[in-house]
Amino acid sequence: MPLSSIRIDTTMQRAPQMDWVKEIIKNLRKYRDIADEDELSDDELLKRIIDEDVDLLCTSNYIWNHKFFMDQLSRIKDRLPKKVKIVAGGPNIDVNVNPNFFDQYPFIDYAVYGSGEVAFADIVE
């Protein structure tokens, strides 16, 4: 399991043990981290999102993958099922200092700067 999933898993376990929390933890354990794979094409990513009935697409943006993720998300947003929300997080998400972040990246639904375990729990709630 990727480190980011372990951190979110641990945070979610500290949350009140409601059914939706248990379901999220179960689903986190079954998905592999896309970053551990080769970069997926737009069509491959869309297929996985649809096949796995994803509701929330999250990215961890770092200096080495930020441009790739932002370019790809901008291309696929209009092709995603309407229920899918995109959360961009990590040290390269400058929403904390960029007042035009959502104008610059209108395909992002939620943005979290830095460590996002607590913010992630708030978003899924």
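Predicted model: local features only at pLDDT ≥ 70, side-chain atom pairs only at ≥ 80, totals over all residues.
Biologist: How do I read a pair of packed helices, and what are the values for H3 and H4?

Modeller: Two packed helices are described by the angle between their axes and by the distance between those axes. Here the axes of helix H3 (residues 42-51) and helix H4 (residues 66-76) come within 10 Å and cross at roughly 65°. Since angles of 65 to 115 degrees count as roughly perpendicular, H3 and H4 are therefore described as roughly perpendicular to each other. Their crossing is right-handed.

Biologist: Which residues make that contact?

Modeller: From H3 the contact uses Asp42, Leu45, Leu46 and Ile49, while H4 contributes Gln72, Arg75 and Ile76. Sorted by class, the contact of H3 with H4 has four nonpolar, one polar and two charged residues.

Biologist: Which residues of H4 are buried, and what do they pack against?

Modeller: The buried residues of H4 are His66, Phe69, Met70, Gln72, Leu73 and Ile76. They pack against H3, and also against strand E1 (56-60), strand E2 (85-90) and helix H5 (101-104).

Biologist: Turning to the loops, is aspartate 53 buried or exposed?

Modeller: Aspartate 53 lies in the loop between H3 and E1, and because its relative accessibility is 52%, aspartate 53 counts as exposed, the cut-off being over 50%. Its backbone is worth a look as well, for phi of aspartate 53 is near 50°, a positive value in a residue other than glycine.

Biologist: And asparagine 65, is that residue buried or exposed?

Modeller: Asparagine 65 sits in the loop between E1 and H4, and because its relative accessibility is 11%, asparagine 65 counts as buried, the cut-off being under 20%. Sequence and space can be read together here: asparagine 65 and glutamate 39 are 26 residues apart in sequence, and their C-alpha atoms are 9.6 Å apart in space.

Definitions and conventions: Residues numbered from 1 in each chain as written. Heavy atoms only, no water. Axes fitted to C-alpha atoms, helices over the stretch in contact; angles between N-to-C directions. Helix = DSSP H or I, 4+ residues; strand = E, 2+ residues; numbered from the N terminus. Parallel < 35°, antiparallel > 145°, perpendicular 65-115°, else oblique. Left-handed = near helix turned anticlockwise from the far one by under 90°. Contact = heavy atoms within 4.5 Å. Nonpolar A, V, L, I, M, F, W, Y, C, P; charged D, E, K, R; others polar. Buried < 20%, exposed > 50% of the residue type's maximum accessible area, 1.4 Å probe, protein only.
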